[in-house]
Amino acid sequence: MKIAIVGGGVAGLACALALRERGHEPIVLEREARAGGKVGTDAMGGWLVERGPAGVLDNAPATQALYAELGLQPVVSDDAARRRYIARKGRLRELPESPPKILLSRTLTLGEKWRIFREPKAPPAPKEVDETLEAFARRRLGPSLAASFVEPIASGVFAGDYARLSVASAFPKVVELERAHGSLIRAMIAIERARRAEGRPRVPARLTTLPGGMGALPAALARALAGALHTGVEVNALERSGEGWRVQTASGPLEVDRVVLALPADEAARLCRPIDAAIGDAFAAIPLAGIAAVSLGWARADVAHPLAGFGFLVPRKEQVRLLGAIWMSSTFPAAHQVPEGHVLLRCLIGGATDPAALALSDEELIAIAREGLRALVGIEAPPRFRHVVRWPHGIAQYEVGHAGRVALIETRAQPLGLYATGASLRGVGVNDVIREARALARRLA
């Protein structure tokens, strides 16, 4: 079966490879000159800067299988990267990573610790309601913990507004744990008891990157696909052609049996509306939050802070115009992302709660990053390295009603031989899109 995959990001590439292994003939059509979408790495004078995702956790079987197939050897984050911080009252506070540490932590107030202890007595989820992440967090943990800890997590993962995100779509595992155990605390206890009963070691997931940066993943996929990948090809329209499809491109039409859209929601909406307005409208109703990544480098001697950890998140109420920052050189010292004797920090700005940031100049964004780092990390010296990348349509927002929109898209599109995959549907992380892309390839087989 000949299958056109529109979009050469990691989702489209991973789907194409899995389809070819099942005997199909995939044809990947990518508008840009480089495949990979938002996953890419810029190398400049000894600095390696991620354009998009900084890495992936090593607990995703689909990703690990793909790495093995491509011969990729991940670089594991430093042990110090388990330490994560949050801005609170103008200072960085370490996040406790286990229940015993919660009780001893100075990051939480006594009242917040008591609220966690009382979490099993929280009211149950409202029936037949697509609850927002904010409502879920306030119901289970109270308003203080919701605003100080859950809200910045939403910013860190989705660059989103937790008052609009659907908890069931954005964090489905959390909802599943509540349904199964009636409480997040009881769920944690049950998981730990099961682990001990089975004699399994406690092995926390670790963040990984690749030698040369995350851009090595789409590069390896592109090599593996050989002649199946066509870059610099924009798809102008899709048309039904008998039992199959005619894909209109600037270089002429392409006749195929099936079409897979591996595109951001707004681009998928453009192609789908002439075919089925309801599908197009459902895609168009998935917002995309713009985000800017500002990477700044210093000589190590210019930064007094130990930078011993992964980085930090910033709640909105802190009035610091950063979503957070990743201490890249501390997280992946073995990846050699900086010249010797230097450090690299990556600041994230914008998102659903600060869309105006994307209209700022590079110098203005750098100034915001520097001010946030000065206030929270104490860095006064001017950076020796600067890099800005913008994604105006960056991260899909799984807002209330998202599951219904995805169901409508799939219910109406699949009988036509039209399929969709990618970060706009069931997970915005690299692990998510690889899992879903390979699962779609199995269904098409």
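Modeller: Some ground rules: residues are numbered from 1 along each chain as its sequence is written, and side-chain values use heavy atoms, leaving out hydrogens and water. Because the model is predicted, local features need pLDDT of at least 70 and side-chain atom pairs count only at pLDDT 80 or more, while totals for chains, interfaces and linings use all residues.

Biologist: How are α2 and α10 oriented to each other?

Modeller: Helices (DSSP runs of H or I, at least four residues) are numbered from the N terminus. Helix α2 (residues 61-70) packs on helix α10 (residues 216-225) at about 60°, with axes 10 Å apart; axes are lines fitted to C-alpha atoms over the stretch in contact, and angles run from 0 to 180 degrees between N-to-C directions. Angles under 35 degrees count as roughly parallel, over 145 as roughly antiparallel, 65 to 115 as roughly perpendicular and the rest as oblique. So α2 and α10 are oblique.

Biologist: Which class of residue makes the contact of α2 with α10?

Modeller: Contact means heavy atoms within 4.5 Å, and here it's made by Leu66, Tyr67 and Leu70 of α2 with Leu217, Ala220, Leu221 and Ala224 of α10. Ala, Val, Leu, Ile, Met, Phe, Trp, Tyr, Cys and Pro count as nonpolar, Asp, Glu, Lys and Arg as charged, and the others, Gly among them, as polar. With no polar and no charged residues, the 7 in this contact are nonpolar.

Biologist: How many charged residues are in the contact of α5 with α6?

Modeller: Helix α5 (residues 133-141) and helix α6 (residues 143-158) pack at about 140°, axes 9 Å apart. On the α5 side the contact has Leu133, Ala137, Arg138 and Leu141, and on the α6 side Pro143, Leu145, Ala146, Val150 and Ala154. Those split into 8 nonpolar, no polar and, for charged, 1.

Biologist: Which helix gives the most to the lining of the largest cavity?

Modeller: On a 1 Å grid over the protein atoms alone, a cavity is a set of points where a 1.4 Å probe fits but cannot get out, and lining residues have an atom within 4 Å of a point. The largest cavity is about 50 Å³, a volume being the space filled by probe spheres set on the points, which are joined across faces, edges and corners. Its lining includes Glu410, Thr421, Arg426 and Leu440. The top contributor, with 3 residues, is helix α16.

Biologist: By class, how many charged residues are in that lining?

Modeller: Among the lining residues of the largest cavity are Glu436 and Arg443. The lining has 3 nonpolar and 2 polar residues, and the charged ones number 4.

Notes: Helix = DSSP H or I, 4+ residues; strand = E, 2+ residues; numbered from the N terminus. 1 Å grid on protein atoms, 1.4 Å probe; cavity = no way out; pocket = protein on both sides within 12 Å on 5 of 7 lines; lining within 4 Å.
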